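User: I would like to go through this model term by term. Please set each value against the rule behind it.

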Amino acid sequence: METLLAVKNLSIHFGGLRALDDVCFSVTAGERLAIIGPNGAGKTTLFQLLSGMLFPSSGKIFAFGRDITRLSAHRRAILGMGRTFQVTNLFPKLTVLGNVLLAVEAAGAAKFNLLRPLSSYKPLFVQAEGILKQWGIWDRRDIPVRSLSYGEQRQLEIILTLSQNRSLLLLDEPTCGLSPEEAKSLVSIIRSLPRDVTVLLIDHDIDVIFEVAEKVMVLHLGRVLAFGSPDEVKRNEQVQKIYMGTQS
Amino acid sequence: MAFFITQTINGIVFGVLLFILAAGLTLMLGTMRIVNLAHGSYYLLGGYIGFSIAKETNNFFLACLGGLFAIGILGMGTYKAILSKHFARGVLSQVLITFGMFLIITDLCRWIWGGIPLAIPRPELLQGSISISNIVLPAYRLAVILIGVMITVFLWWFHERTKYGAIVRAGVDDEEMTQSIGINISLVKTLVFSIGALLAGFAGVVGGPYVGLYTGLGMDILLLALVVVIIGGMGSLWGALIGALFIGLLDSFGKSLLPEFSLFTMFAAMVIVLAIKPNGLFGARG
Amino acid sequence: MMGFLYLRMAMVTALLAVCPLFLSSFYTGLMILMLIFAIFAMSLDILQGFTGLTSLGHAAFWGTSAYIMGILNVKVFKGCYYGADLIAGVLSAAVVASILGLIVLRSREIYFLMILLASSMMLWGIAFKWRSLTGGDDGLPGISRPDLSLIGLDLGRTTHYYYFVLFFFIVSAILMYLVVHSSFGHTLLGIREGETRMRSLGYNVWLQKYIAFIVSAIFAGLAGGLITYYNGFVNPSDLHLVTSAEALIMVILGGAGTLIGPAIGAGIIILIKNIVSGYTEHWMIILGAIYILTVIFAPQGVYHLFEQWLRKEGLVWKRSSP
């Protein structure tokens, strides 16, 4: 099993605050790794570093067979990294169709064509239509995203990322704020992802973790507290101490 | 040698004025994300008001107080009445409102005081000069440097030692969060804006005998203050101080050595700094 | 609803084509100014309304083009040289944009605004001080218009110059419309709405902005050239913050993100400026008041109010962009 992602001694500090301290771990291709920890543990910061929105103070990140530590965010996306955001990050004034078109447009040369109308790119529209129909939101396509319900927006957040068929997915609290049914359907979506897709998942919901994760990493105050199978981590005393009384 | 020292003194004096302006600007930027384009016209109006007071009362000290209070009140009023109500729309609204104020104030100044350049006479106490070997150091300029030191100390105290300064430093925006600690964030913002405006007006009077007063001055000095903030870094008082002294010296030496290209030199300096640190020397990481 | 759009555009074009027949020379001259500033404002809208970049330095492109054109026209070619001066002007605007873009586009929003403002004012300062090249404060007079006698146009006549400008206005408007409705234009909307998302989707956001910046500068430069032919001179105010701010208020007042809005905004501002200057020399105070009032009362712009009214009256039509 090849290593898809390896993180070595990753640290970042803001002023005097060490948000992440000497984090090391690796993920094999196709693995499902859940990242958990109390608020402020550094989980989203880790994703920011992995995806290239932030650069570390020290340490290295290796992915797709190369050192991507200093690589810009969009280059990492092109290499195969996809991401969803904890706080929904869509294009509010554009329609659902417009949002999906942007996801689909990213790969080709269309984005540099200054004179040809977007509407003339039939293949893009066909692709977008396919995606929207697959997810059952084709009839919502002309609605501006800001008019959608929170649950619909969260769903679109995932759809946008999945539609690009990336091989390494960083999902940041995808079930955040969803109803139990919505969360359930999301979990089955994640479980049905193909085996060649590697998934890193941040979540607070223990049930979700146990249904999806093959490995679990616990972050606490910017450090890796535990790393192992879900059962191993559950039995870890330190982890139990932290989660004592913190029922998610 | 004498040339070098004189230009350095001139540079520092101008730098002091720029610092007073830039400090206000950068604090407003850091706390409220407001680019106060009216700042240069605050300086100008303060100077003109000081001029009129000095002319009537022959009292320079009174002129300083007048400029200070008048602009402080103007700033506070503008902030409370207009600016604080239009935060949500972002940078664009602040920019348009403050620029509108700039135009109105500048034209009012031209209307009231005319287009001919004026200067405030130096106070009698400081009309002399000190001579060291063959270098003449005008007393007024030394006094301005002293004032600069005092203001730097005051701002340092406010920024580092008061709870208001702590809020400013933290760059905290969140109304709910600060209220739970017992601090009224909108009071802090009003305070920052008013202090900034007040300092600008004060600087206008203090600079009156040295820089003079003319219609285009508001724009000229705003531009330089902006360059100082750009180089120094948004929200950083240290950056404002170092940037102001740097630009002041650059301006002083530039004007005497390469008068046609002094602005170009500053532009080049700005570009070089930005190439290494896109958000200024002491600004947040890019 | 493209048919409806074409109909409206055709009607507007026809109206613009016939107005000189009904208007006096003075008002035709005013229309010329409105069309030129409309191009300027629309070019700024590409940045402000479509990409979400607020710029107070747009005069840098307008003014650089004006100066390069003026200098070539008066000092080098001693005439237009078949429009080479205009072409050079537009190219110089693109060059300035490609240089400034490298400096400015890496910085955060507020920094972008301040640096562009400072840069264009520095260009102003250079033009102001470099008397030998630019004429300094007095500017460069004596710029001549092209000789189009071959196609029967005497650009010295206001009406003929109007058609000259109208031609460029229509061409620019069509090109800018195509750009903002192209797939590239769609990515600009994405940047405006969610830059971080765009980066994580794999877009080189910096590059898209850079291209938009240069494209916008080209049209601003064209407008700067046209105004220079019209005025017959250039002076430092063409590079000044006040000119940049006028363009911005035209965009906001008209309605950012619509292209048509800014064109209308340009018309409104030119009209008001002209009326006001007839009564008082304190245009600056009025302009300042317009800025403040627009932000407070009409931040979405006049065009959106018009659209809302149309929607209420039942004359609804769909936006053509997704």
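Analyst: Helices (H or I, at least four residues) and strands (E, at least two) are DSSP runs, numbered from the N terminus. On that rule chain B has 11 helices and two strands. This is a predicted model, in which local features need pLDDT of at least 70 and side-chain atom pairs count only at pLDDT 80 or more, while totals for chains, interfaces and linings use all residues. Residues are numbered from 1 along each chain as its sequence is written, with chains lettered from A and ligands numbered from 1 in the order in which they are written.

User: In what order do the elements of chain B run from the N terminus on?

Analyst: They run α-α-α-α-β-β-α-α-α-α-α-α-α.

User: How do you know that the radius of gyration of chain B agrees with a compact globule?

Analyst: The radius is taken over C-alpha atoms, and the globule rule is 2.2 Å times the number of residues to the power 0.38. For 286 residues the rule gives a value near 19 Å; chain B has 19 Å, so the two agree. The C-alpha trace of chain B spans about 60 × 45 × 35 Å along its principal axes.

User: What makes a residue buried, and what share of chain B is buried?

Analyst: A buried residue has 20 or more other C-beta atoms within 10 Å of its own; an exposed one has 12 or fewer, and partly exposed lies in between, with C-beta atoms placed from the backbone. In chain B, 52% of the 286 residues are buried.

User: Why is helix 8 of chain C called largely enclosed?

Analyst: Helix 8 covers residues 183–193 of chain C, and 11 of the 11 are buried, so the rest of the structure largely encloses this helix. Among them are Phe184(C), His186(C) and Arg192(C). The buried residues pack against helix 3 (96–105) of chain A, and against helix 2 (25–51), helix 7 (158–181), helix 9 (195–200) and helix 10 (205–231) of chain C.

User: What makes residues of helix 8 and helix 10 of chain C meet?

Analyst: Two residues are in contact if their C-beta atoms, placed from the backbone, lie within 7 Å. Thr187(C), Leu188(C) and Ile191(C) in helix 8 meet Val205(C), Gln208(C), Lys209(C) and Ala212(C) in helix 10. This contact divides into four nonpolar, two polar and one charged. Ala, Val, Leu, Ile, Met, Phe, Trp, Tyr, Cys and Pro count as nonpolar, Asp, Glu, Lys and Arg as charged, and the others, Gly among them, as polar.

User: Why are strand 6 and strand 10 of chain A said to stand at the edges?

Analyst: Two strands pair if DSSP finds at least two bridges between them. Six strands of chain A form an open sheet in the order 6-7-8-3-9-10, with mixed pairing. Strand 6 (81–84) and strand 10 (223–228) each have a single partner strand, so one side of each has no neighbour in the sheet.

User: How do you know that strand 3 and strand 9 of chain A pair?

Analyst: Strand 3 (residues 32–36) and strand 9 (residues 215–220) of chain A share four bridges, in the parallel sense. In one of these, Leu33(A) has Lys215(A) as its bridge partner.
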